[in-house]
Amino acid sequence: MIGWTFHPFRKCPVVRSSVKFFYSGLLIAPALFLIGCASQNSNNQVTPPPQYAISGIVVDLAGSNGGLVLQNNGADDLPVNANGSFQFATTIPSGSAFNVTVLTQPSSPVQQCTVANGSGVATANVNSVKVECGHNEWAWMAGSQAVEQLGTYGTLGSPAPANTPGGRQYPATWTDSSGNLWLFGGYGHDSNGTLMPMSDLWEFKAGEWTWKGGPTLAGQNGNYGSLGVASSNSIPGARFQPASWTDASGNFWLFGGNGFDSVGNESPMNDLWKYSGGEWTWVGGSNIGRQNGRYGTLGVADPSNLPGGRCSTAVWKDSSGNLWVFGGLGYDATNPINGPLNDLWKYSGGQWTWMGGATVQAQKGVYGTQGVAASTDIPGAREAAYNWVDSSGALWLFGGYGYDSNGTNGYLNDLWKYSGGQWTWMGGPSIADQPAVYGTQGVAAANNLPGARWSGMAWMDSSGNVWLFGGSAYFTSSSAGFANDLWKYSAGQWTWVGGSNTPNPNSAYGTEGTLDPGNAPGGRFFLNGWVDASGNLWLFGGYGQVPGKTGNLNDLWMYMP
């Protein structure tokens, strides 16, 4: 009876009679029948309920004959080859359920389409279904399509369409509470074209850059002021490859990096800075470079503890607001020459605690049994690894440039988790310089694996999926170069989502500000970026490819997962 319409107040024909019958002492009169029934025509035939069409619109589908196939209620397959309206061939009765899903995702090019307003009950023709294929797309948002561009500073504090940081590698980045993007320093071009570490501060808001502070010239010393005292005159020295994060109050923090101290030495640093209310504060560490680490007692916080100067370190902020730092290229407890590290530190309550790893550099990894935590397991010393924090608070580390299980120094693609005070080797090979296993684009598989790499980007989305982009990477056992491949890690498996599976691809810019499946940043490393409140990735610059050239970049990109 589902889908039929009944009319309880419509009377069927009745029989009226004055004849009375008596049977066994009972008076029996002709019955007056009132029956609710489906509508009938003049010939007493039941009229079927109305039939309704299910339709909608497809947007941002790339190309034609891409392979998109829709279904309604698990059947009625509908191939769709173009943007615009669609309608299923089969109608459904009034009051019936509909459920529009994607049976087959587009494959030429690969896209991930999603359905909005796709389910409900049809009480009229349905035309509100929307199939959105505008995901897994890049948009070039600002900056130049050329390499080695100079900074255009404009007026301090005033946004302008022409303003832009110069091409540069590995700046510090933050996102403020309003969702605006901030950038400090990096190794790049100043307003005169000098290529050195920088100490300029920028904000990107409403599509325009604003120079917010710091010198327009590269290679400047730090101005430390008094320890713990904010000042409009204080500023970190020019640097690149620092660690940076934002605290719960919206303050920006900066630790170390390779740059200039208070007297003009350029080296890995261990100074700690906070930016709040438009002023810098020197919070801790030394104002002189080339500092060795002061480890103290393992697991015990102490005011005198301090990591050695370092750059390209992995940094995490846990759910309690504590900062964790692992490895990087820097100074161990005694060696006056810097090298790869694998020490683990926690910063909490204004004090550092040495939490694990060696006090000497160049240590090989101890892998143990894959998937099993052990107190003796630890990643080898490395720099420029990919890192993130999962929803349970565990710290994750992937790849980097460093030492494998044999003590060989090279590109890595091992995966590690730190939780409950122990490291676990979660996947990937224990030896260096291993190639990628791409599999089928858009399809997760247990064997898929990004090639060994370092100095790209990683981030976690609101659903707990991890995303990884670019870097300097191995593609096959005999080919390495700049990468622009995009990977997703979810439920223990990797998916090659986009980008090229060959080295040194060029940028495809498209139209500024417009998402398009054909857009993509070129292969690059030493980049940095942000994740906005909507979960979109923004990346800036680095060193890599544009059509016909390789060099320092200042292009700004947004990726919509």
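## Aromatic pairs

In this predicted model, the count of aromatic ring pairs comes to 57. One of them joins Y489 and W494, whose ring centres lie 4.8 Å apart with the planes at 50 degrees, so the pair is tilted; planes count as stacked under 30 degrees and as edge-to-face over 60, with the rest tilted. Y489 and W494 are both buried.

Ring pairs also build a cluster, in which Y170, Y401, Y411, W454, Y474, F482, F525, F526 and Y543 are linked to one another.

## The largest nonpolar core

In soluble globular proteins, nonpolar side chains tend to be buried together. Here the largest nonpolar core holds 19 residues, and those with the most contacts inside it are V58, L68, V80, F86, F98 and V131.

The surroundings of V80 can be followed residue by residue: leaving aside residues up to four places away in sequence, V80 touches V58, L61, L68, L70 and F86.

## A hairpin of β7 and β8

Strand β7, which covers residues 69–72, runs antiparallel to strand β8, which covers residues 75–79, and the two are joined by 3 bridges. In one of the pairings between these strands, V69 has P79 in β8 as its bridge partner. Together β7 and β8 form a hairpin with 2 residues between them, and N73, which sits in the turn, has a positive phi of about 55 degrees.

## D485 in strand β39

Which strand holds D485? D485 lies in strand β39, which spans residues 479–490. Its relative accessible area is 0%, and because residues under 20% count as buried, D485 is buried.

The side chain of D485 makes a polar contact with the side chain of W487, at 3.0 Å. When residues up to four places away in sequence are not counted, D485 touches Y438, R453, L468, F469, G470, W496, G498, G499 and S500.

## Confidence of the model

The protein chain has an average pLDDT of 91, and 92% of the residues score at least 70.

How values were computed
Residues numbered from 1 in each chain as written. Predicted model: local features only at pLDDT ≥ 70, side-chain atom pairs only at ≥ 80, totals over all residues. Heavy atoms only, no water. Phe/Tyr/Trp six-rings, centres within 6.5 Å; stacked < 30°, edge-to-face > 60°. Buried < 20%, exposed > 50% of the residue type's maximum accessible area, 1.4 Å probe, protein only. Core = buried A, V, L, I, M, F, W, Y, C linked by side-chain atoms within 4.5 Å. Contact = heavy atoms within 4.5 Å. Helix = DSSP H or I, 4+ residues; strand = E, 2+ residues; numbered from the N terminus. Polar contact = N/O pair within 3.5 Å; in protein donor to acceptor, adjacent residues only side chain to side chain. pLDDT = per-residue confidence, 0-100. Pairing = 2+ DSSP bridges.
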